[in-house]
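Hi,

Here is the structure I said I would pass on. Please open it first, and then read my notes below.

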Amino acid sequence: MKKPFIYIHCLTSLDGKLMGNYMKLPEESNAAPFFKEIGFGGEIYPMRAMLNGTNTCASDYTYGKAPILDKSAAPVPDGDYIADKSAERYLVALDRTGKLGWNKNYVEYAGARQHIISVLTNQVSNEYKAFLRSLGISYVICGEDSINFDLLFDKLAVLFDIECLKIGGGGTINWALLRGGYVDEVSIVIVPCADGSVKTPQLFMAAYGTSEDIPVAFEFMEHKVDQNSGGIWLRYKVKKVWDKGEYKNTFGEGPKDFIAVDNSSK
């Protein structure tokens, strides 16, 4: 498998939230330029594409709208559809079942136009693929019922010459790709505010039946403080994605007993 360099870059609150009421505060708005400079400026990460999950795309780009489909659409050719191989930037949108209601073939983000690459499976209907073609949206078929990420990342590298890919959430896809061993680095800008909500998505979220809450360890690389906003950037390299069996054999079952164990010398 050929794979781009993959990094997660997200802006979060102090309590690790990707979204929430804290986003209305000036502390969050003031940190936005710092966040974009780190993740999209090109000096640290030569990013040419970003990947978002279905829920993030529905929330941020299509605003929950359903696609307008032509039930009588003529059959489209089998396989992938590449509408633009030389775009300045790409948005890779995971859409396993074909439900995102796009109205154009690009989104504007961080000062650049990003051509949409829709990631589908073989269960997506002919009329939805015809809908994407009518808008000039590229798509790749990656799996039968669930997305095959080995195949996806190989296609992004080979078909679109993508060498550096940013993962921008939500928390479920962040964790799934991290646990899957695809992520090389994690980059976080933490803003000095929090809202304590238990209903909003956090940076990493294990989805029942999809991924597990087996830990991942990181190696610190660098940090930077934004004096204007009070935000702080943390950069980590992925050190170890623990295998479930190895983790349980090493650390056992259940929580650590902090009272019985003396950690003073550790």
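Let me begin with a network of salt bridges that links E185, E222 and R235. By salt bridge I mean a side-chain nitrogen of Lys or Arg within 4 Å of a carboxyl oxygen of Asp or Glu. By this rule the count comes to 9 salt bridges.

Before the rest, a word on the source: this is a predicted model, in which local features need pLDDT of at least 70 and side-chain atom pairs count only at pLDDT 80 or more, while totals for chains, interfaces and linings use all residues. Residues are numbered from 1 along each chain as its sequence is written, and side-chain values use heavy atoms, with hydrogens and water left out.

Now the strands. Helices (H or I, at least four residues) and strands (E, at least two) are DSSP runs, numbered from the N terminus, and two strands pair if DSSP finds at least two bridges between them. Strand β10 (residues 232-241) runs antiparallel to β8 (residues 185-190), joined by 6 bridges, and I190 stands opposite I232. β10 also pairs with β9 (residues 216-225), again antiparallel, over 9 bridges; here H223 faces L234. The hairpin of β9 and β10 has 6 residues between the strands, and G230 there takes a positive phi near 85 degrees.

For accessibility, buried means under 20% relative accessible area, exposed over 50%, and partly exposed in between (1.4 Å probe, protein chains only).

- K3 and D184 meet at 2.9 Å, N to O. K3 lies in the segment before β1 (5-12) and D184 in the loop between α5 (171-179) and β8, so the pair ties together parts that are 181 residues apart in sequence.
- K155 and D80 also meet at 2.9 Å, N to O. This pair links helix α4 (residues 149-160), which holds K155, to the loop between α2 and β3, which holds D80, 75 residues apart. K155 counts as buried because its relative accessibility is 14%, whereas D80, at 27%, is partly exposed.
- K240 and E246 meet at 3.3 Å, N to O. K240 is partly exposed at 28%, and so is E246 at 33%.

The loop between α2 (54-60) and β3 (89-94) also contains I82. What does I82 touch, leaving aside its neighbours within four places in sequence? It is in contact (heavy atoms within 4.5 Å) with S138, L159 and F160. I82 is partly exposed, at 36% relative accessibility.

Best wishes
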